[in-house]
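Open your viewer and keep the selection panel at hand. We will stop at a few places and look around at each.

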Amino acid sequence: MIEAESLSLRYPGGREALGDLSFRIDAGEMVFITGRSGAGKSTLVKLIANLLLPSRGVLRVLDCEPSRLARRHRPGLRRRIGMVFQDHRLLPSLSAADNVALPLRIQGAPDGEIERRVRAALDLVGLGQRARALPATLSGGEQQRVGIARAIVHRPPLLLADEPTGNLDPQLSVEIMALFERLGAHGTTVLIASHDLPLIRQMRKRVLVLEQGRLQEDFRPQAEPA
Ligand code: ADP
Ligand code: ADP
């Protein structure tokens, strides 16, 4: 699903933000990326989302190698990746349902299919009753759930989230993580960048730890006691 070999990224004029990363993430895995502020978490998410290209090394995402992909094929790869942001980036003038519908409208899906899939995605995140609500009338946790519904409505095989609970209190954060876990159980590969170590530990999933752009640790939790 994702394969990095000696992956490095240097921002123009800056120092190396990621250096010599090698790892592999299989389809259906749920993986956390953690590390201090500035460790390179966002940069790694952007590389995988094909929003940045590596300076050195190889990165394969969904059987594509973005650096070798012709420019015209990049939107196709991006469409197979769902993105969730810390600030959820909903359009304030559109209802929850219309926000969620955006990726399908961009793809030119038929209206009936859009309606059915938007309803399924909102139900999945527990917001079936708030479809007509404007983002400003929703709580922070509800807004983030709309953001997640929008990220999965077109059924991408890969879901990326950059600090998805950064603005939420601990209780809501746990609920959002449970939601990601449920998506993972449906077969979506889920990759979450977060600095919230206590929350990550609670999830008992694989964790990639970055420190100053290097892969410091790649650990899987022990099997849960029977
Ligand atoms: P994290 O998400 O772990 O906080 P980032 O990936 O945002 O870390 O940043 C990693 C390093 O790259 C930091 O030193 C940061 O200052 C630098 N960096 C991030 N974005 C840019 C940019 N657009 N231009 C130059 N340097 C950047
Ligand atoms: P289908 O096109 O297979 O009929 P639907 O979009 O109607 O699928 O959704 C079927 C079920 O799958 C719904 O109950 C919904 O909760 C769940 N679902 C929808 N989208 C996703 C997704 N991206 N990941 C996981 N489950 C999903």
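The tour below visits the two ligand sites in turn.

This is a predicted model, where local features need pLDDT of at least 70, side-chain atom pairs count only at pLDDT 80 or more, and totals for chains, interfaces and linings use all residues. Residues are numbered from 1 along each chain as its sequence is written, chains are lettered from A and ligands numbered from 1 in the order in which they are written, and side-chain values use heavy atoms, with hydrogens and water left out.

**Stop 1: ligand 1.** Select ligand 1 and the residues around it, among them Tyr-11, Arg-36, Gly-38, Lys-41 and Ser-42 (a heavy atom within 4 Å). Now look for polar contacts (pairs of N or O atoms within 3.5 Å). A backbone N or O atom of Gly-38 sits 2.7 Å from a ligand 1 oxygen, and a polar backbone atom of Ser-42 is 2.8 Å from an oxygen of ligand 1. Taken alone, ligand 1 exposes 560 Å², of which the protein buries 59% (Shrake-Rupley method, 1.4 Å probe). Next, colour helix 1 (residues 41-48), which gives the most to this shell, with three residues (helices are DSSP runs of H or I, at least four residues).

**Stop 2: ligand 2.** Move to ligand 2 and show the side chain of Arg-116, where an N or O atom is 2.8 Å from a ligand 2 oxygen. At Ile-152, a backbone N or O atom lies 3.0 Å from a ligand 2 nitrogen. Finish with helix 4 (residues 111-124), which gives the most to the shell around ligand 2, with three residues.

Technical notes
A polar contact is a pair of N or O atoms within 3.5 Å; within protein, one must be able to donate a hydrogen and the other to accept it, and residues adjacent in sequence count only if both atoms are side-chain atoms. Helices (H or I, at least four residues) and strands (E, at least two) are DSSP runs, numbered from the N terminus.
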